Amino acid sequence: MSHPSDSTAPPFTSFSQQREAATLGMWGFLGMEVLFFGPMFLGYIVFRINFPDAFMTASRHTLILAGGVNTALLLISSFTMALAVRSANLLEDSAKVVRSLLVTLLLGGAFVGIKCFEYSHEIHEGLLPGASFHLDGADPQQAQMFFYLYFLMTGMHLLHVIIGLGLIAVFILRAKLTVRKERFSIAMEQLGLYWHFVDLVWVFLFPLIYLGGRAA
Amino acid sequence: MSISTPQAEMQPPLEGPDYLHEHSVRSWLLTTDHKRIGILYLVSITLFFLIGGVAVTMMRMELLTPQGDLFASSTYNKLFTMHGVIMVWFFLIPSVPSVLGNFLLPMMLGARDVAFPRLNLLSWYLFMAGAALALWAIIHGGVDTGWTFYTPYSSTYANGHVIAMVMGVFIAGFGSIITGLNFIVTTHKLRAPGLIWFRLPLFVWSLYATSIILVLATPVLAITLVLVALERAFGIGIFNPAIGGDPLLFQHLFWFYSHPAVYIMILPGMGVTSEIIACFARKQVFGYRIVAYASIAIAVLGFLVWGHHMFVSSQSIYAGMIFSLLSFLVSIPSAIKVFNWTATLYRGSIWFQTPLLYALGFLGLFTIGGLTGLFLAALAVDVHLTDTYFVVAHFHYIMVGGMVMAYLGGLHFWWPKITGKLYPEWPAKLSALFIFGGFNLTFFPQFILGYLGMPRRYHIYAPEFQTLNVLSSAGASILAVGYLLPLVYLLWSLRYGRDAGPNPWQATGLEWTTASPPPEENFTIAPVVTEDPYNYHPTEEAADA
């Protein structure tokens, strides 16, 4: 069934061993990523507690519609990614994998576009921390801290999205060219895990940044 | 003479070439062989050890007199920063894990290589890129923040290339993370048939515990250093109190990494010591399982004690009390190890070879370093001792007296396996004694200096401290000779040493069943493990004698 050149990568002796090792490695990497994001979330919590009013006011200056649409885009892209992983796992026709990955790529690309639109809007409004920062109705220093954390955390997340999109593009080519389907499916599983993680980080970022000042 | 039973059948004599047969630069720089990568690390960290050593030599010369007569204060600040940064991140952290761990872990598991060989090579390149950036910062004027990069000094006021330096550490950190991930996956997935977890050598257990810390603590340091660099570059950040930030937040994040990192700098040394003591006492390690669990316990507890670096930092007194209590708890698994090594030696058939001398040195010095750690974990005593030479002496007893001793002991123990050659025994024994003696003369006076109140990081001090400082500098010169000796005779042995044979110590681990130096694929016949580790038989040896 599988292509003769479809063999395991050294030092593995079976596909199941390679799959388990790669998946364990990916989960370890994602555990590392959680701790990489951790200090930024901790920083957010500390200053949210220190400057509650300014954070509420500043939060209302974010574009909730853009943030909401972006949340939807990423969640749907996780679904299409899961379809791609499933197709690869079933060793289906590579066209199916490519199709799902292309949709994921488009959705992720739209996320990046909307995020950039938001940034340009905020920079235009004078919300970029620095000498020209101004925001009415809140302590400027404290509100600036909110927007510093906003740019930092969403920027770091955006970097992860862009890396993910680059990987998806590579995997689209790989899916078209490879004959080593078993080995490709192992790699696809890791790409899927990474993409879901990026999605999950956003699921935490969205309420922290956009919803804070908007209740009641 | 049957005095030990290896964990698997001996491999047939090697007919093909060993892993060192290719000599081209390309064959080294593009290798994915874990053994060669271990050697790349060995050469690089030896270089960094020398650079860090030069910095501290200059410091100890300055400290011979109470006046500042060699260097300006700013130069002295840069010297101790350089010493700290290089020794911590570019020597100690990669020392045992990246050199000995890389070389030995797959062999101890009976595997052909680590799980992700290409990532393994990438980790060395990241390490070297980070080191190059840090060295660039040093050459272009240096950094004077100390290795801890405390804010807001580092992010706002310090002169020098702080951004380049912290980015160097950031990049090298990802090298550590990859190594840790690789070790975890390799230990889980590439063990030989029959090699269940409780047949693993204790060195593997200690590497596993270290890897958990590498993977889970290093990213916190990485992002924290990014925040410092951003704050320095743009003048906005979360650590500078002048713009509403919190400098204590930096200390919490820094020590959340750096306290576990202290255990990165001792756990692998404990693993090496377990191997050496069992082999040269010709006995099973006393309480194998407890020693294995103790490694994991130290790694876990290590994440819960960072606040003891901040007792005088305005951290809440209740937090201080909890951190003090938790810090005392770390002494339990550490003491278990010390007692179990002692019990292993008790009534063993002691064979005084160089590795054992190093291991015994480790045992004594680590015990002193550990016990003085209890003084510092006590809240009230710590207030008196914070930022004095007592702290300097304490952590050097662990990091140098412990880890460097263990590293050198391990290097001697496995040198025949790595190179296929035996080192000359007498100069090696001499070096172990020089290091032990020189070390104590260097650092014991510093306990007294610190207790008497001499602060660290100053090069001008009160005249009554001179005698002890002269003693310390004299000790450092003996220590330097002790460190240079192995460099000479180990290199000498590459050419003139006697052939070692597969198992010169009659040791039991899987790495000793294959040829020295091993073939590229480690084992020509896949090993099947049939024995527990440390199957030494002291009574039979006595009968033979």
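Which helices of chain A do the buried residues of α2(A) pack against? I started my notebook there, on a predicted model in which local features need pLDDT of at least 70, side-chain atom pairs count only at pLDDT 80 or more, and totals for chains, interfaces and linings use all residues. Residues are numbered from 1 along each chain as its sequence is written, and chains are lettered from A, ligands numbered from 1, in the order in which they are written.

**Entry: α2 of chain A**

I found A:Ala54, A:Phe55, A:Thr57, A:Ala58 and A:Ser59 buried in helix α2 (residues 52-59) (20 or more other C-beta atoms, placed from the backbone, within 10 Å of a residue's own). They pack against α1 (15-50), α5 (140-177) and α6 (181-211) of chain A, with contact set at C-beta atoms within 7 Å.

**Entry: chain B overall**

I looked up 17 helices and zero strands in chain B (DSSP runs, H or I of at least four residues for helices, E of at least two for strands). Its C-alpha atoms fill a box of roughly 70 × 45 × 45 Å along the principal axes. I noted that 58% of the 545 residues of chain B count as buried. Among chain B contacts between residues at least 6 apart in sequence, 86% join residues at least 24 apart.

**Entry: α6 and α7 of chain B**

I then checked α6 (residues 162-189) and α7 (residues 202-234) of chain B, which pack at about 155° with axes 7 Å apart (lines fitted to C-alpha atoms over the stretch in contact, angles running from 0 to 180 degrees between N-to-C directions). That makes α6(B) roughly antiparallel to α7(B) (angles over 145 degrees).

Note on methods. A residue is buried if 20 or more other C-beta atoms lie within 10 Å of its own, exposed if 12 or fewer, and partly exposed in between; C-beta atoms are placed from the backbone. Two residues are in contact if their C-beta atoms, placed from the backbone, lie within 7 Å. Angles under 35 degrees count as roughly parallel, over 145 as roughly antiparallel, 65 to 115 as roughly perpendicular and the rest as oblique.
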